[in-house]
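Please look through the sequence and the structure shown below before reading on.

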Amino acid sequence: MGNDPNFTFLKTFFSARIERLRNVRDDRGSVSIETMMIVAGLVVVAAIAAGVILTKVNEKANEIK
């Protein structure tokens, strides 16, 4: 496992990500607003998907009865 190229890649990749996070400046205001907008959009999409799935399941359940 020590010589596995996939493990080596993942180790290098995450090390670079951690180093980048350590060097982030404190200008997080705009980033947090963008993040909140993305999260809100994903929540809406997830709610719509859950509604569609729930509707389909209920339709199939009514057909079975």
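The following paragraphs describe the chain as a whole, then a surface patch, and finally the aromatic rings within that patch.

The model is predicted. Its chain contains two helices and zero strands. How much of the chain counts as buried? Of the 65 residues, the share is 0%. The chain has an accessible surface of about 6,300 Å², and carbon and sulfur atoms account for 67% of that area.

Part of this surface is a nonpolar patch, formed by Phe 9, Leu 10, Phe 13, Phe 14 and Ile 18. Together, these residues have about 500 Å² of accessible area.

Phe 9 has a relative accessible area of 54%, and because the limit for an exposed residue is over 50%, Phe 9 counts as exposed. Phe 13 has a relative accessible area of 38%, so Phe 13 is partly exposed. Phe 14 is likewise partly exposed, at 48% relative accessibility.

In one of them, Phe 9 and Phe 13 are stacked, with 6.0 Å from centre to centre and 20 degrees between the planes. Where do these two residues lie along the helix? Phe 9 and Phe 13 are four residues apart in helix H1, so about one helical turn separates them. Phe 13 also pairs with Phe 14, and this pair is edge-to-face: the centres are 5.4 Å apart, with 75 degrees between the planes.

Which residues do the ring pairs link into a cluster? The cluster consists of Phe 9, Phe 13 and Phe 14. These three phenylalanines also belong to the nonpolar patch on the surface, together with Leu 10 and Ile 18.

Technical notes
Residues are numbered from 1 along each chain as its sequence is written. This is a predicted model: local features need pLDDT of at least 70, side-chain atom pairs count only at pLDDT 80 or more; totals for chains, interfaces and linings use all residues. Side-chain values use heavy atoms; hydrogens and water are left out. Buried means under 20% relative accessible area, exposed over 50%, partly exposed in between (1.4 Å probe, protein chains only). Accessible areas come from the Shrake-Rupley method with a 1.4 Å probe; for residues, only the protein chains shown count as cover. Patches are made of residues with over 30% relative accessible area and no salt bridge: like charges are joined within 9 Å, nonpolar side chains (Val, Leu, Ile, Met, Phe, Trp, Tyr) within 5 Å. A salt bridge is a side-chain nitrogen of Lys or Arg within 4 Å of a carboxyl oxygen of Asp or Glu. Rings of Phe, Tyr and Trp (its six-membered ring) pair if their centres lie within 6.5 Å; planes under 30 degrees apart count as stacked, over 60 as edge-to-face and the rest as tilted.
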